[in-house]
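Here is a guided walk through one protein chain.

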Amino acid sequence: MKFGELIKDLRQNRDLTQREVAENVEISRSVLSQYENNFVEPTAYVVKRFAEFFDVSADYLLGLEDDFGARTATNAAPMGERLTEKEKTLLEAFRQLLPETQDFILRSTQGMNDSNPAKKFKKV
């Protein structure tokens, strides 16, 4: 999720208006709208103000860690091993599933990553 999407999500989950957030972060409502729509990138100072207001880490707002404080897979991977957009979408969808469903999917997909699918199906 991008910075703007996170800010908007945090604001809406707390039932706050753009005006309320803007006043507390000391920016205009129109600038907040630009952040929420990912039209502009925030400065470090602004990220800090949002982090303090929403009581989250700056790393969370920047997409460097998840909401539990763990480094995200996209940023924890060594250089050259970043996730593709398709992988990011799949990972995000997977994280939203119930633990039982995650376990089911993991069990169901084990062994599917063999590069030669013909090995799995022997002719009788």
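Read along the sequence, the pattern is α-α-α-α-α-α-α-α. That comes to eight helices and zero strands. Helices (H or I, at least four residues) and strands (E, at least two) are DSSP runs, numbered from the N terminus.

The model is predicted: local features need pLDDT of at least 70, side-chain atom pairs count only at pLDDT 80 or more, and totals for chains, interfaces and linings use all residues. Residues are numbered from 1 along each chain as its sequence is written, and side-chain values use heavy atoms, with hydrogens and water left out.

The chain has 124 residues, and 24% of them count as buried. Buried means under 20% relative accessible area, exposed over 50%, partly exposed in between (1.4 Å probe, protein chains only). Contact means heavy atoms within 4.5 Å. Among contacts with a separation of 6 or more, residues 24 or more positions apart account for 38%.

Take H4 by itself. Its buried residues are Val46, Val47, Arg49, Phe50, Ala51 and Phe54. They pack against H1, H2, H3 and H5. Alanine 51 lies in this helix, which spans residues 44-54. Its relative accessible area is 9%, so alanine 51 is buried. Beyond four places in sequence, alanine 51 touches Val56, Ser57, Ala58 and Leu61. Leucine 61 is 10 residues from alanine 51 along the chain, yet their C-alpha atoms are separated by 7.1 Å. Aspartate 55 follows H4, and its phi is positive, near 55°.

Next come the helix pairs. Two packed helices are described by the angle between their axes and the distance between the axes. Axes are lines fitted to C-alpha atoms, for helices over the stretch in contact, and angles run from 0 to 180 degrees between N-to-C directions. The axes of H1 (residues 3-13) and H4 come within 11 Å and cross at roughly 25°. The two helices are therefore roughly parallel, a term for angles under 35 degrees. Phe3, Ile7, Leu10 and Arg11 of H1 meet Val47, Phe50 and Phe54 of H4. These residues divide into six nonpolar, no polar and one charged. Here Ala, Val, Leu, Ile, Met, Phe, Trp, Tyr, Cys and Pro count as nonpolar, Asp, Glu, Lys and Arg as charged, and the others, Gly among them, as polar.

H1 also meets H3. Their axes come within 7 Å and cross at roughly 120°. H1 brings Phe3, Gly4, Glu5, Ile7, Lys8 and Arg11, while H3 brings Leu32, Tyr35 and Glu36. This contact divides into four nonpolar, one polar and four charged residues. Leaving aside neighbours within four places in sequence, leucine 32 is in contact with Ile7, Arg11, Gln18, Val21, Ala22, Ile27 and Phe50.

Finally, look further along the chain. Glutamine 102 is found in helix H8 (residues 99-109). Is glutamine 102 buried or exposed? Its relative accessible area is 18%, so glutamine 102 is buried. Not counting residues up to four places away in sequence, glutamine 102 touches Phe94, Arg95 and Leu97.

Conventions:
Angles under 35 degrees count as roughly parallel, over 145 as roughly antiparallel, 65 to 115 as roughly perpendicular and the rest as oblique.
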